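Here are my notes for your review. Please read them with the structure open.

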Amino acid sequence: MTSTSGEARPFRAAALGTLVVLPWSGEAPDGSDMPYLLAYSLGDAEGGPEATAAAVEQLLEGNGLPVGGDLVDGTTKPSLPVTLLVEAGQAVLNMPQLVAQADAPPEWLAAVAHRGHAYLVFTTRAWPEGEPGKPVEPAALAAFAGADETLKAAAHIVLPARSLRR
C-alpha cells in the first residue's frame, strides 16, 4: 500500500528532540511582572530543526493550539488539553503526549502567584543555544523570545496556574 502525503502520521514524541521549558518574568503593560514560559526544541532530533519544527507544530495543532494564530485564553477554556502545575518551585507543563518541567526562579513564582496564570509561548522554531542546565543571558533570551520569527512560529496560550494545594 502506498502512503499519500495527505495522511496523518502518528505523533512520535522523539521527533520533538530535546524539549526545553524556560520560565522567566518581565514587566507587562500594566506595570507588574508577567510570568512567561517559553517552550522550544533544541532541534536535535533526527532530521534536524526542520523535522523538530514539524513535530512541534503537529503536537500543538493536534491539541487545538494554532501556530501563528490568535491567543488561546486557557482561563476561559476549562477543557483545554494543556495545564500548568506550579509546585515546589517547579513549573510543570502537561499536555497529551508531553510532560515538561523546569525550575522556576523566585520572581517567576511570585508573578504567577500574583496573576494566577502564565503566558506560554510554545514555538516551533528551534533554539540550539538554549540548552537545559546552561545559564541563558537575558539579552540572548530577549533576542530569541522576542524575534518575529519565534513569535510567528508559536502558539500563544494564557495558562491558569494550578497547584496541588487548593
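1. Start with a cut-off. Buried means under 20% relative accessible area, exposed means over 50%, and partly exposed lies in between. R125 has a relative accessible area of 24%, so R125 is partly exposed.

2. Confidence next. This is a predicted model. The average pLDDT for the protein is 89, and 92% of the residues score at least 70. Residues 1-7 need care: pLDDT stays under 50 there. For that stretch the model has 1 contact beyond four places in sequence.

3. Now the salt bridges. How many does the structure hold? The count is 3. One of them pairs the side chains of D30 and R115, at 2.8 Å from N to O. D30 sits in the loop between β1 (19-27) and β2 (33-41), while R115 belongs to helix α2 (residues 106-115), so this pair ties together parts that are 85 residues apart in sequence. D30 counts as exposed because its relative accessibility is 53%, against the cut-off of over 50%.

4. R125 returns here. Its salt-bridge partner is E149, with the closest N and O atoms 3.6 Å apart. E149 lies in helix α4 (residues 148-152) and R125 in the loop between β7 (117-123) and α3 (138-145), so the pair ties together parts that are 24 residues apart in sequence. The two ends fall in separate accessibility classes: E149 counts as exposed at 54% relative accessibility, whereas R125 is partly exposed at 24%.

5. K134 and E131 also meet through their side chains in a salt bridge, at 3.6 Å from N to O. K134 has a relative accessible area of 45%, so K134 is partly exposed. E131 is partly exposed too, with 37%.

6. Turn to H156. Is H156 buried or exposed? Its relative accessibility is 12%, so H156 counts as buried; the cut-off is under 20%. H156 is found in strand β8 (residues 154-162). Leaving aside residues up to four places away in sequence, H156 touches D70, L71, V72, Y119, L120, V121 and L151. With one of these, Y119, there is a polar contact between side chains, at 3.1 Å.

7. Y119 leads on to the aromatic residues. The structure holds 5 aromatic pairs. Ring pairs link Y119 with W24 and Y36 into a cluster. Y119 therefore deserves a look from both sides: the side chain of Y119 makes the polar contact with H156, and Y119 belongs to the ring cluster, while H156 counts as buried at 12%.

Note on methods
Residues numbered from 1 in each chain as written. Predicted model: local features only at pLDDT ≥ 70, side-chain atom pairs only at ≥ 80, totals over all residues. Heavy atoms only, no water. Phe/Tyr/Trp six-rings, centres within 6.5 Å; stacked < 30°, edge-to-face > 60°. Helix = DSSP H or I, 4+ residues; strand = E, 2+ residues; numbered from the N terminus. Buried < 20%, exposed > 50% of the residue type's maximum accessible area, 1.4 Å probe, protein only. Polar contact = N/O pair within 3.5 Å; in protein donor to acceptor, adjacent residues only side chain to side chain. Contact = heavy atoms within 4.5 Å. pLDDT = per-residue confidence, 0-100. Salt bridge = Lys/Arg side-chain N within 4 Å of Asp/Glu carboxyl O.
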